[in-house]
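Welcome! Please take a moment to look over the sequence and the 3D view, and then we can walk through them together.

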Amino acid sequence: MRAAEMRAAAPLVDAPHSATADEVLVALRSDSSAGLTPDESRERVSRYGRNELPRAAGPGVLRRWWNQIRNPLVLVLVAAGTTTLAIGHYVDSAVIFGVVVLNAIVGYVQESRARQALDALTRLVRTDCTVLRAGQRHTVPSAELVPGDVVMLEAGDRVPADARLLATRDLECDESALTGESLPAAKTTEPVPERAPLASRSCLVHSGTLVTRGTARAVVVATGLDTEIGAVQGMVAAAEAPPTPLTRKLTKFSKQLTVAIVAVAVVTFAAGVLRGSAPVEMFIAAVALAVAAIPEGLPAVVTVVLAIGVVRMSRRRAVVRHLPAVETLGSTTVICSDKTGTITANEMTVVDVIAAGEVYSVSGTGFSPEGELNHRDSPIDLLGHPALVECLVTAVLCNDAELRHEQGRWHAVGDPTEVALLTVAGKAGLDWTVLRRNAARVDELPFESQRRMMATLNRESDGTVIGHAKGAVERIVEWCDSAMAPDESRVPLDTDAVLERAHTLAAQGLRVLACARFRPRDGTPALDEQDVRGRMMLVGLIAMHDAPREGVVEAVAACHQAGVAVKMITGDHPETARRVAAEIGLGARGGEPAVVTGAELAQLAADAFDVAAVDTDVFARVSPAQKLDLVEAFQRQGHVVAMTGDGINDAPALRKADIGVAMGTVGTEAARDASDMVLADDDFTSIEAAVEEGRGVFDNLRKFITWILPTNVGQGLVILTAVVLGMTLPVLPVQVLWINMTTAVVLGLTLAFEAKEPGIMLRPPRPPRRPLLTTDLVRRILLVSAVLVAGAFTAFQLQQHSGHSLDVARTTAINVIIFAMIAFLLSCRSLERFIAFRVNWWLFGGIGLMVLLQLALTYAPVMQVLFHTAAIGADGWLLVLAFTALTYLVVELDKALWRHKDTRAERVTVQQGKGHRHGTFRR
């Protein structure tokens with residue numbers, strides 16, 4: 001049965017989160033205490049299908065191979081290979097076809113790896129679960145679950161399907177991978193409004209999420225593609241990855257080049273025939289022109305340049321999965337970043353402790369207990385702050401978390417909030433292991449969502465039993481009758497002042513806990529609510545949040561300086577997201593960040609949605625579908641979008657973005673497989689470094705293309721001019737092939753090793769629609785081509801008029817072209833500035849090797865036989881050196897004439913960009 005038919009036939013409740021548990025059970029024809037019978041289960045499996053995410057059908061093997069070959073640039077290479085084969089140049093033809101096959105293999109392998117995103121989502125639901133069948137507990141594979149099954153959940157379980165909760169005890173689930181929430185979500189059985197967002201549906205648990213605390217009984221309401229993960233998988237399958245900017249530009253460039261080559265070849269053939277030359281002779285000349293004009297080495301060099309970029313990025317902790325992604329980051333105009341786990345470490349961090357009316361600020365981020373506590377901007381001595389010590393001791397003892405230092409890293413076990421309490425105690429200099437050993441727990445009241453607090457009894461080393469409690473401020477304050485003074489004495493509790501302080505902190509996006517102490521009645525070691533209700537002493541408040549990673553502020557500032565807009569897209573609470581955004585500088589010109597929620601986005605028309613995308617810094621409480629919509633909104637406006645994320649909910653947007661960047665350490669496998677690049681250290685700062693490397697890669701590609709085209713254009717014009725004027729060819733087809741084969745690899749490839757130019761992150765991003773070659777570069781290419789044509793013809797004619805043989809004249813013309821290209825290579829180290837004194841030993845080595853090859857071509861007897869060359873004298877070398885110097889001077893003069901105009905235009909672009917939100921975001 002097809003998935004669509006299965007969904008249509010399933011007796012699912014339209015909105016199970018808004019119905020009572022009994023209503024859901026009736027609709028699913030199930031029983032809370034007995035579940036389904038084995039026969040009913042088998043019947044529903046055959047009717048609704050297995051609880052799996054089927055892999056979407058894709059193109060077949062042959063179609064995928066054809067997709068690698070149909071690129072216009074590759075087709076040009078196929079034409080070149082066929083042409084060289086037709087004229088008998090078998091070695092050259094084999095080399096060209098070898099490049100075609102190699103490129104196809106690389107592309108095929110990369111596409112196969114990209115399709116693993118759907119497999120990763122499928123693997124997420126391959127778990128075993130405990131289910132009631134005819135009132136008996138059974139352990140079955142999650143794939144066998146059907147709507148109506150009653151499942152049992154406990155801490156550590158992976159939720160096997162979407163289910164409506166029937167009964168819970170202290171249940172909390174980590175749904176960050178699906179909703180983006182940084183804290184575990186407390187679950188209850190009470191229904192919620194039908195329009196409640198996914199993160200607020202507290203009576204549902206979702207497939208693929210993790211139970212972090214408590215136990216529950218739930219009835220399955222959706223399986224397979226009907227689950228929230230199934231919806232995400234559908235979006236991943238539908239979100240076709242767009243071609244990268246480099247691919248688009250190379251495709252357009254290849255089409256233009258193909259048309260130009262064919263047109264010139266036809267003109268050459270027609271001109272020769274009209275002059276009375278034999279058609280066969282003119283056909284060979286036209287073929288020679290086409291071979292001369294095709295840059296055979298371009299695909300190979302592009303691959304090598306991108307591969308070098310991959311190596312450089314890996315050194316900066318960015319692992320590239322698809323080669324074109326190297327350049328795409330350099331073209332990025334908008335970075336859409338998830339908050340939890342990307343900008344923040346997904347590790348709660350205490351920022352303030354309020355004890356006895358005094359505020360203590362806490363430095364450091366994450367679970368590592370590295371940092372300090374300050375009072376009034378000065379480090380503290382714990383001996384002078386006993387109320388603070390008592391607050392931290394309570395936070396450690398009324399706590400179930402563990403924090404261990406293993407293999408050079410801190411590993412946390414338990415609720416992130418409780419881990420943060422251990423961390424702040426460590427920053428204050430307290431050893432939580434010693435505290436727990438000296439005050440063993442004898443009883444406890446576990447945290448419950450209804451109670452909203454936790455309490456423990458601990459027997460100290462002198463035998464005294466002390467009670468400790470922590471929880472929601474409102475509940476702790478309600479059950480307190482006093483507060484601790486700076487000298488640890490009891491004083492009257494100012495309830496209004498405490499609640500106002502807590503409200504102020506919460507409005508800043510902080511989570512606030514209250515800590516209290518109490519003595520059990522009559523010293524009994526047993527504990528119940530009557531022991532704590534109305535008898536506690538408030539010892540302090542602790543405020544925490546999921547803090548930004550170190551270096552993120554600087555990385556965001558660097559992106560803004562480079563003209564790249566940064567947008568935060570998260571499923572977290574708006575105020576929490578606003579605080580983090582303000583901390584990292586996302587507000588326009590340092591102001592308050594503009595925040596829009598998913599519910600508000602849902603009410604916008606298409607045009608208003610696009611405007612909101614531009615004007616908003618933070619998108620909070622958004623669904624996976626809305627993340628995808630935002631990426632598409634930016635792309636509709638012509639932007640190159642980089643999307644970062646780590647959760648299942650990020651996978652569709654990661655795949656749709658121009659470049660998806662996943663977190664390597666805490667990211668889900670689904671997110672990593674849907675991405676183009678993975679950050680090995682989960683550090684947002686690595687994105688800024690990757691943008692810089694990407695810009696350098698694109699610069700080197702442009703340098704190579706700018707350098708190689710005059711060789712091909714110039715040689716084509718030499719042949720065309722000779723045919724049109726009825727002159728002897730200054731270079732033969734076999735000599736053209738020598739020039740093309742040697743210069744592209746020996747000289748051009750060395751540009752891939754050029755270092756990044758100074759100030760590369762101070763200029764605005766390239767407009768996405770700007771062509772690969774700008775008008776200025778086209779002008780320079782034509783200028784150098786004209787110099788090559790003039791130099792080759794002049795040297796050829798002067799040598800013949802001086803009485804030298806035809807072979808000597810041609811050899812001189814070849815050397816003029818080669819050495820002029822060496823001069824142009826030195827100039828192309830910077831396309832806008834005069835040559836910098838940067839060391840590139842690859843380039844100097846390539847020039848040296850090229851000189852040796854030309855000397856061999858000119859003087860080695862075997863080379864003279866193969867390529868119809870001859871030794872040239874001092875007069876020939878003087879001509880070569882003269883045109884070499886002329887080429888360099890002409891190009892540098894062109895730079896000088898146009899540099900002032902380019903600099904002024906760039907300055908205007910930057911100033912215009914600074915007038916809008918975050919650089920060149922608006923154009």
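Let us begin with a term: helices (H or I, at least four residues) and strands (E, at least two) are DSSP runs, numbered from the N terminus. What you see is a predicted model, where local features need pLDDT of at least 70, side-chain atom pairs count only at pLDDT 80 or more, and totals for chains, interfaces and linings use all residues. Residues are numbered from 1 along each chain as its sequence is written, and side-chain values use heavy atoms, with hydrogens and water left out.

Now for the overall picture. The secondary structure of the protein chain comes to 34 helices and 28 strands. The chain has 923 residues, and 56% of them count as buried, a word that here means under 20% relative accessible area, with exposed meaning over 50% and partly exposed in between (1.4 Å probe, protein chains only). The protein chain exposes about 37,000 Å², of which carbon and sulfur atoms supply 58%; accessible areas come from the Shrake-Rupley method with a 1.4 Å probe, and for residues only the protein chains shown count as cover.

Contacts tell us how the chain meets itself, and a contact means heavy atoms within 4.5 Å. Among contacts in the protein chain with a separation of 6 or more, 72% are between residues 24 or more positions apart.

Is Thr-743 buried or exposed? Thr-743 counts as buried because its relative accessible area is 2%. Leaving aside residues up to four places away in sequence, Thr-743 touches Trp-707, Thr-711, Gly-748, Ile-818 and Met-850.

Next, visit two loops. Ala-356 sits in the loop between strand 10 (344-355) and strand 11 (358-362). Its phi is near 55°, a positive value in a residue other than glycine. Ala-356 counts as partly exposed because its relative accessibility is 25%. Further along, His-868 is found in the loop between helix 33 (861-867) and helix 34 (874-914). The phi of His-868 is near 55°, again a positive value in a residue other than glycine, and with 37% relative accessibility His-868 counts as partly exposed.

Finally, a word on cysteines. How many disulfides are there? Taking a disulfide as a pair of cysteine sulfur atoms within 2.5 Å, the count comes to zero. Cys-129 is buried, at 7% relative accessibility, and Cys-480 is buried too, at 10%.
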